[in-house]
Amino acid sequence: MEIRDAVPADTPAACGVLRRSIIELCVADHHDDLGILNRWLANKTPEIVESWIAHPASSMLVAVDAGSILAVGAVTDAGEITLNYVSPDARFRGISRAMLRALESRAIERGNSRCTLFSTATARRFYRDAGYVETGPPQDKFGTAYPMSKRLTAVRLERVIAELPPGVETLRAEAQGEGFRNLDRLAIDWESGAIRFDRDGEALFVAEIGTELAGVGGLTTDPVRRDTLRMRRFYVGKRFRRRGIGRRLAETLLERAAEAGWPVTVNAGPGSAPFWEALGFIPDQRDGHTHILKRSQA
């Protein structure tokens with residue numbers, strides 16, 4: 001699935017998704033009342049949707065899979081999310097959440113630190129789960145509308161559980177270009193099941209900015225020392241360096257190590273020793289690592 005900017009040729013399909021989503025998925029709001037439905041759908045026409053696509057102060061995005069539009073979203077340059085509708089054929093696939101992340105990312109790119117929106121009753125729980133809070137009393141729009149707001153965080157950290165995110169391949173290719181093979185080993189070990197970062201104290205995290213993967217890092221049991229963890233597969237994309245992303249990744253992993261009460265080792269790559277030493281690691285060249293952070297120093 002790809003989320004991209006809408007183009008005029010998307011107008012008929014995007015309009016169809018908007019109308020079907022409202023009619024079929026928002027029954028809790030319109031209650032099949034034709035008066036409410038007609039008012040809600042009045043501006044969901046091809047002509048108006050095409051004008052939204054062309055609007056200079058707003059971004060309209062579409063989620064596309066195999067040539068079909070599955071979701072439509074829009075956010076103004078001021079950070080107001082005005083559309084986020086999913087096709088009834090694509091529910092419960094995480095597409096609405098992916099679209100919301102893309103809209104928030106676009107708002108960040110436009111210089112916003114907060115997103116605002118009016119939620120339907122249907123989507124109220126969805127937005128709450130995504131971190132939005134209600135900012136005022138409900139309003140009477142097409143049914144009850146809830147004003148909501150969320151402070152945006154430019155960098156998100158997500159733990160990897162079931163599968164490696166697609167963006168890892170982009171980082172892997174970049175790392176290869178720099179002569180690093182740690183993400184090759186990550187992909188190979190994950191595919192074979194040799195290392196899945198799922199034993200006691202272990203974890204793999206990725207850092208995301210909007211819809212882009214900015215970095216990755218993990219902890220595994222040290223292959224040589226018992227009751228010790230090893231920092232592994234650590235890489236931050238070139239465009240995202242010197243923005244504190246590597247430090248946030250490392251600190252998140254070290255917090256988990258502190259919970260286990262174990263020391264942490266790292267085999268610092270060329271030029272990275274100052275980074276690890278700033279986090280409290282000390283030189284300790286042996287057993288396949290270059291530095292160690294003991295629990296008493298954390």
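The side chains of Asp284 and Arg286 are joined by a salt bridge, with N and O 3.2 Å apart; a salt bridge is defined here as a side-chain nitrogen of Lys or Arg within 4 Å of a carboxyl oxygen of Asp or Glu. Asp284 is buried, its relative accessible area being 16%, whereas Arg286 is partly exposed at 44%. In this classification, buried means under 20% relative accessible area, exposed over 50%, and partly exposed in between, for a 1.4 Å probe and protein chains only. The model is a predicted one, in which local features need pLDDT of at least 70 and side-chain atom pairs count only at pLDDT 80 or more, while totals for chains, interfaces and linings use all residues. Residues are numbered from 1 along each chain as its sequence is written, and side-chain values use heavy atoms, with hydrogens and water left out.

The structure holds 21 salt bridges in total. One of them pairs Asp77 with Arg110, the closest N and O atoms lying 3.2 Å apart. Asp77 is located in the loop between β3 (68-76) and β4 (80-86), and Arg110 in the loop between α5 and β5 (114-119), so this pair ties together parts that are 33 residues apart in sequence. Helices (H or I, at least four residues) and strands (E, at least two) are DSSP runs, numbered from the N terminus. Asp77 is partly exposed, with 29% relative accessibility, and Arg110 is likewise partly exposed, with 40%.

A further salt bridge is formed by the side chains of Asp189 and Arg233, at 3.1 Å from N to O. This pair links distant parts of the chain, since Asp189 belongs to helix α8 (residues 182-192) and Arg233 to strand β12 (residues 229-236), 44 residues apart. Asp189 counts as buried at 18% relative accessibility, and Arg233 counts as buried at 10%. Elsewhere, a network of salt bridges links Glu169, Arg172, Arg181 and Asp184.

Helix α5 comprises residues 95-109, 15 residues in number, and reaches 21 Å from its first C-alpha to its last. This span is close to the expected 21 Å, the expectation being 1.5 Å times one less than the number of residues. The buried residues of α5 are Ile95, Ala98, Met99, Leu100, Ala102, Leu103, Glu104, Ser105, Arg106 and Ala107. An α-helix has 3.6 residues a turn, so residues three or four places apart point the same way. Just after α5, Gly111 adopts a positive phi of about 90°.
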